[in-house]
Amino acid sequence: MKSLPLEGRMEGEGCPPNSGIIKVMTADVTVGYSLNIAFNSSSRYISYMEAENHTRVSEFFLQGLSDDPELQPLLFGLFLFMYLVTVLGNLLIILAILSDSHLHTPMYFFLSNLSSVDICFISTTIPKMLLNIQAHSKDISYTGCLIQVYFFMIFAGMDGFLLTVMAYDRFVAICHPLRYTIIMNPRLCGLLVPVCWFIIFCVSLIHVLLMRQLTFCPGTEIPHFFCEVVQILKVACSDTLINNIFLYVSTAILGVFPLLGILFSYSLIVSSLMRISSAAGKHKAFSTCGSHLSVVSLYYGTSLGLYFSPSATHSSQSSVGSVMYTVVTPMLNPFIYSLRNKDVKGALGRLHSRALCL
């Protein structure tokens with residue numbers, strides 16, 4: 001019996017030519033497509049889990065000022081002493097101003113606010129540092145770090161704003177002495193402080209909300225003794241472009257503009273003093289600015305020296321430099337105002353006499 005060719009058999013059986021090849025190719029494509037979907041799904045799942053791990057970082061590690069165990073007791077004692085001196089010194093300034101009716105003026109109203117802010121400023125960072133040294137730990141929770149950033153920016157910015165308002169107060173007192181009580185009335189003084197608080201609250205809140213969008217790798221170590229915005233942005237695992245842009249904007253709002261306001265006020269003061277003929281008159285007028293100028297020079301000198309010096313990129317120099325304007329400046333402010341200001345010195349003396357009589 002004559003066998004039919006392969007093509008004939010396939011046609012006779014009702015199968016189109018090359019249908020076997022087509023079936024094999026179709027099966028291969030189906031299997032490949034399924035494998036591709038499974039691979040993409042697993043890749044997405046792994047990426048999702050990695051993002052979740054980065055986002056859900058529960059804590060950071062603060063590098064601190066030194067890793068040497070022998071220095072920890074010394075650092076603890078030193079910073080505890082500076083913290084207590086700062087709090088007690090600024091509390092004395094506040095009590096002296098509140099208890100003495102002669103100091104119920106705009107200048108000392110702003111000074112009492114500055115002392116209150118300085119207490120809060122140093123309390124934002126040093127207690128956590130002391131706690132970590134005592135517990136031989138370096139960790140800080142993710143939420144605690146964001147809270148520290150928020151309040152640190154608030155009180156650091158408020159320091160600059162209050163120094164600017166005090167410079168304006170000195171300008172009005174020297175350049176417009178007859179209209180001083182009219183211009184610097186209680187309503188204006190009571191309005192300036194809340195406006196400053198409102199601006200700083202908004203800027204700090206935006207900073208924290210932007211930081212919440214960042215992702216961090218587990219075990220992230222911050223090369224500082226507290227959560228500073230610049231250092232946190234450096235260790236983030238995601239893109240920080242928007243954060244850096246807003247950092248420059250907030251630096252201009254909270255740092256550059258207040259400094260320009262202070263310089264402008266003092267330029268007008270100097271211009272007004274140049275028109276005074278007697279040297280005694282110039283000295284008497286400018287002596288009221290001595291304490292404020294000392295505090296401004298100390299605050300802005302240390303902060304600008306830290307961020308614009310060539311060594312600012314090194315974490316050790318940055319940490320030591322930060323101590324100057326976060327700890328030393330709030331500690332020295334009460335001494336500057338009590339030693340260089342006769343009114344405050346007299347009020348402290350009367351406060352001491354009342355305390356002895358109790």
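This is a predicted model: local features need pLDDT of at least 70, side-chain atom pairs count only at pLDDT 80 or more; totals for chains, interfaces and linings use all residues.

**Stop one: two helices.** Select residues 72-99, which form helix α3, and residues 106-123, which form helix α4. Look at how they pack: the angle is about 160 degrees, and the axes are 9 Å apart. Angles over 145 degrees count as roughly antiparallel, so that is the label for α3 and α4. As for handedness, α3 passes α4 in a left-handed crossing.

Now show the side chains where they meet. On the α3 side, pick out residues including Met82, Tyr83, Val87, Leu91 and Ile97. On the α4 side, the contact residues include Tyr108, Leu111, Asp118, Ile119 and Ile122. Colour the contact by class and you get 11 nonpolar residues, six polar and one charged.

**Stop two: ring pairs.** Next, switch to the aromatics; the structure holds 14 aromatic pairs. Start with Tyr150 and Phe151: their ring centres are 5.2 Å apart and the planes sit at 75 degrees, so this pair is edge-to-face.

Then jump to Tyr299 and Tyr300. This pair is edge-to-face too, with 5.1 Å centre to centre and 90 degrees between the planes. Are these two tyrosines, Tyr299 and Tyr300, buried or exposed? Both Tyr299 and Tyr300 are buried.

**Last stop: a cluster.** Select Phe121, Phe152, Phe225, Phe226 and Tyr325 together: ring pairs link them into a cluster.

Methods: Residues are numbered from 1 along each chain as its sequence is written. Side-chain values use heavy atoms; hydrogens and water are left out. Axes are lines fitted to C-alpha atoms, for helices over the stretch in contact, and angles run from 0 to 180 degrees between N-to-C directions. Helices (H or I, at least four residues) and strands (E, at least two) are DSSP runs, numbered from the N terminus. Angles under 35 degrees count as roughly parallel, over 145 as roughly antiparallel, 65 to 115 as roughly perpendicular and the rest as oblique. A crossing is left-handed if the near helix is turned anticlockwise from the far one by less than a right angle, and right-handed if clockwise. Contact means heavy atoms within 4.5 Å. Ala, Val, Leu, Ile, Met, Phe, Trp, Tyr, Cys and Pro count as nonpolar, Asp, Glu, Lys and Arg as charged, and the others, Gly among them, as polar. Rings of Phe, Tyr and Trp (its six-membered ring) pair if their centres lie within 6.5 Å; planes under 30 degrees apart count as stacked, over 60 as edge-to-face and the rest as tilted. Buried means under 20% relative accessible area, exposed over 50%, partly exposed in between (1.4 Å probe, protein chains only).
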